[in-house]
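Please read the points below with the coordinates open beside you.

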Amino acid sequence: MPADTLLWDEDACLDAIKVFVVAACKGAVKSGDVYRRKGSAVPATTTRPRILLAPVNELPVLSSPMGEESDTAQRQRWAITVDAAAAGAWTIGALGQTAAPFVAGAMDTPTTIRDGLVAALDALALAVTASTTGAAAMGVLGDVAGVSLGVTLTKPAGGAVTIEVVDDNIRRAVYNWGIYTVRLLIRDTPSAERTPSAGRRSVALGIAERVRLWFQSSSLPVVNGSAYPYRSDLLALANARLSWRQTHAPRPFSEQDAGGWTRGVALDVDFDVPCALLHDVPSLDTIALAAVPDVT
């Protein structure tokens, strides 16, 4: 059975936010000047505006204390490998039917036996698809989602096989909706001693206003004149799965930086994000294999 899978991906979320923010700034902030804030990092002195991404909550805050579960039927997949050849009858079956045996000779290799088992299963014309997957390996895939195949295999003395359920017939999602809050610290140096390269005393407020309205927009196109995709769609791509929820009121901040003062504005942005653990539910087929790992 496959390992379980998590949907939540912090790196993907922050990367998507970075791409969105850089695009919103229209060249006022470079890609290299938007990065995750680290607690031990000392801000570098700069005359360029920078945006630090600081997650307020390291994990999404779940909206339900209990969450939900849902099941989806999928096509069951088996993997069989002939590890050691042996002369005699090899028999394979599925869906309650057994194929005519393939009788291996003393000189037959594991690959030859595998080919014979594939041909024998194909001859039954069942709702399964048998295929060769390696030097002496084969796969059996159900044609109908949610059906347990009940693959069986018998071998003569001296033969050895490995058989396992790769994908079981039910995939379960343990899921919840979460709220992920990221603080955007938009920094510049608006003091009289160090005027930003943009030539204005402060650019942080203008950047903050543009960014928060970009987040609010539901139909801002990536390419002018093109109906799709919208900028908001890009937040959901590349495993980020973010959907803008709200932007909180801006808050000013200031900090000492290499003998001068850096000032700016902080925006807390909430995103809705699905939180889920996906895993296969062990079928009776899988339980039976675990109880008797050596198929005889």
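The numbered points take the basis of the model, then the helices, then the loop residue.

1. This is a predicted model, in which local features need pLDDT of at least 70 and side-chain atom pairs count only at pLDDT 80 or more, while totals for chains, interfaces and linings use all residues. Residues are numbered from 1 along each chain as its sequence is written, and side-chain values use heavy atoms, with hydrogens and water left out.

2. Helix α1 spans residues 10–24 and reaches 21 Å from first to last C-alpha, close to the 21 Å expected at 1.5 Å a residue. Helices are DSSP runs of H or I of at least four residues, and strands are runs of E of at least two, numbered from the N terminus. At its start, a side-chain oxygen of Asp9 comes to within 3.2 Å of the backbone nitrogen of Asp11, and after the helix Lys26 has a positive phi, near 55°.

3. Asp168, in the loop between β13 (160–167) and β14 (170–188), is buried yet has no salt bridge, the nearest side chain of opposite charge, Arg171, being 9.5 Å away. A salt bridge needs a side-chain nitrogen of Lys or Arg within 4 Å of a carboxyl oxygen of Asp or Glu.

Methods:
The expected span of a helix is 1.5 Å times one less than its number of residues. A polar contact is a pair of N or O atoms within 3.5 Å; within protein, one must be able to donate a hydrogen and the other to accept it, and residues adjacent in sequence count only if both atoms are side-chain atoms. Buried means under 20% relative accessible area, exposed over 50%, partly exposed in between (1.4 Å probe, protein chains only). Lys and Arg count as positive and Asp and Glu as negative; His and the chain ends are not counted.
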